[in-house]
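Subject: Structure handover

Hello,

Here is the structure I promised to pass on. Please open it next to this email, and then read my notes below.

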Amino acid sequence: MDIIRIQNEFKEAQEYFSYIELHPTSDGKLYVKSAIQSSFTNYYILKIVFPDSYPYSMPSVYIEKPVINSSPHRYMEGNICYLHPTMWNPGIHNLSFVLQRAAKWLAKYEVWKNSNKWPGAQIVH
């Protein structure tokens, strides 16, 4: 886990996202918490967890509040599928990108919740 890179990406993300916090873990790692308001004016609290192999592997995003019991495009561990893992590129993707994709996932989730249809393109995996 590249701690310096995460700290730099966090500073950059603060320019675009109002509610974002960087927290240490008990084992010396870092995670991010953020609040995002959807286009339907609902608020969500997200937790972004960085893998040990970050930035070569993509972070996991969990919706902490409100609790989402079921929806498409979530892994068994509960993290959302905001990008197909093979599409992650450590040269161009960063924390701001992850937050943008999580916001997009939330917008699609709310459409799905109201229509039972997931909008947009999908990759089966």
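First, a definition: helices (H or I, at least four residues) and strands (E, at least two) are DSSP runs, numbered from the N terminus. The model is predicted, so local features need pLDDT of at least 70, side-chain atom pairs count only at pLDDT 80 or more, and totals for chains, interfaces and linings use all residues. Residues are numbered from 1 along each chain as its sequence is written, and side-chain values use heavy atoms, with hydrogens and water left out.

S34 lies in strand β2. Is S34 buried or exposed? It is buried, at a relative accessible area of 3%. (Buried means under 20% relative accessible area, exposed over 50%, partly exposed in between, with a 1.4 Å probe and protein chains only.) The S34 side chain reaches the backbone oxygen of Y19 at 2.9 Å. Not counting residues up to four places away in sequence, S34 touches Y19, I20, Y44, I45, L46 and L99. Contact here means heavy atoms within 4.5 Å.

S38 sits in the loop between β2 and β3 (43-49). S38 is also buried, with a relative accessible area of 10%. Its side chain makes a polar contact of 2.8 Å with the side chain of E110. (A polar contact is a pair of N or O atoms within 3.5 Å; within protein, one must be able to donate a hydrogen and the other to accept it, and residues adjacent in sequence count only if both atoms are side-chain atoms.)

Helix α1

Helix α1 covers residues 3-14, twelve in number. Its buried residues are I6, E9, F10 and A13. They lie on the same side of α1, because they cover an arc of only 105° around the axis. That arc is taken from the directions from the helix axis to the C-beta atoms. The buried residues pack against β1 (20-24), β2 (30-37) and α2 (95-115). Exposed I4 and K11 are on the face turned away from the buried side. At the start of α1, a side-chain oxygen of D2 comes within 3.3 Å of the backbone nitrogen of I4.

The core

The largest nonpolar core has 31 residues, and L46, I48 and L95 touch the most other members. (Such a core is a set of buried Ala, Val, Leu, Ile, Met, Phe, Trp, Tyr and Cys residues joined through side-chain atoms within 4.5 Å.) Two or more residues each come from α1, β2, β3, β4 (60-65) and α2. α2 gives the most, with nine.

Best wishes

Note on methods: Expected span 1.5 Å × (residues − 1).
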